[in-house]
Amino acid sequence: MMRTLFTGMLACLLIGPVVGDDSSARFFPPSTVVYAELDDPSELVATIFDHPLRTRIESLEPYKMAVQTPGYRRFQMGRVFVEGHFGMSWREAIATFAGGGASVGLDGKNNGVAVVVQGKDEAAMKTLRDKLVELAALGENADDIKSAEYRGVTAYEINQAKFAIQGDRLVVTNNGDMGKAILDRLIDNEGPSLADNARFQSAADGVREDRTVWAFVDVEALRESGVA
């Protein structure tokens, strides 16, 4: 009853198509219990920041007060610095480095969390990797930057966050085993994955074609593990 109800809620709330060959779900391990996928971050940003209501919101007194706070000013300065470092506006950066979509998953086997982002092309993602390493080298923990090779892929660890570029995709994780599992599927383009999970397929089967973002939670797996 609970699973049927939850699947029905997914069909109503998830704004997206069924799982296809372009879904990043095929790169996440089958033990993934929470998964979310955003098809086009640029479209979502445009929906929010180009919406007619934006002008009205910016005219409100609470908004005017918020943008005058020291915290917001520091944020603006940081954004300008990062934009200068990458040589493009933040919206251009999203289109270049995440235009192909972004996915996040939680592995119930090792509690690892990973994000997979698809960029414009392989060259763009190599630029992103180099810029991220350069940016990290400017920080206080520059000496803590580590790198290692895995199946011909150079992976970096910065402040316990691990990331690597494979083709046109960036993988970021807090767990080395999960990162390796995702890289294996990216390199081999095969292997058991979340996309093979029958409950995942069932939840995605009735999802609409005009999605922006959607998510899946394996309630049954969480219940069996004692979490839910």
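Author: Let us start with the surface: the protein exposes about 13,200 Å², of which carbon and sulfur atoms supply 56%, with accessible areas coming from the Shrake-Rupley method with a 1.4 Å probe, where for residues only the protein chains shown count as cover. This is a predicted model, in which local features need pLDDT of at least 70 and side-chain atom pairs count only at pLDDT 80 or more, while totals for chains, interfaces and linings use all residues. Residues are numbered from 1 along each chain as its sequence is written, and side-chain values use heavy atoms, with hydrogens and water left out.

Reader: OK, and what percentage of the residues count as buried?

Author: Of the 228 residues, 32% count as buried, where buried means under 20% relative accessible area, exposed means over 50%, and partly exposed lies in between (1.4 Å probe, protein chains only).

Reader: How many helices and strands does the protein have?

Author: The protein has ten helices and eight strands; these are DSSP runs, numbered from the N terminus, with helices (H or I) of at least four residues and strands (E) of at least two.

Reader: Switching topic, is Thr96 buried or exposed?

Author: Thr96, which lies in helix H6, is buried, because its relative accessible area is 19%.

Reader: And what does Thr96 contact?

Author: If we leave aside neighbours within four places in sequence, Thr96 is in contact with Met88, Gly119, Lys120 and Ala124, where contact means heavy atoms within 4.5 Å.

Reader: What about Asn111, buried or exposed?

Author: Asn111 is exposed, because its relative accessible area is 59%, and Asn111 lies in the loop between strand S2 (101-107) and strand S3 (113-118).

Reader: Which residues does Asn111 touch, then?

Author: Not counting residues up to four places away in sequence, Asn111 touches Leu106 and Asn174. The C-alpha atoms of Asn111 and Met178 are separated by 9.0 Å, although these two residues are 67 residues apart along the chain.

Reader: Last one: which share of the contacts with a separation of 6 or more comes from residues 24 or more positions apart?

Author: Residues 24 or more positions apart account for 64% of those contacts in the protein, counting the ones with a separation of 6 or more.
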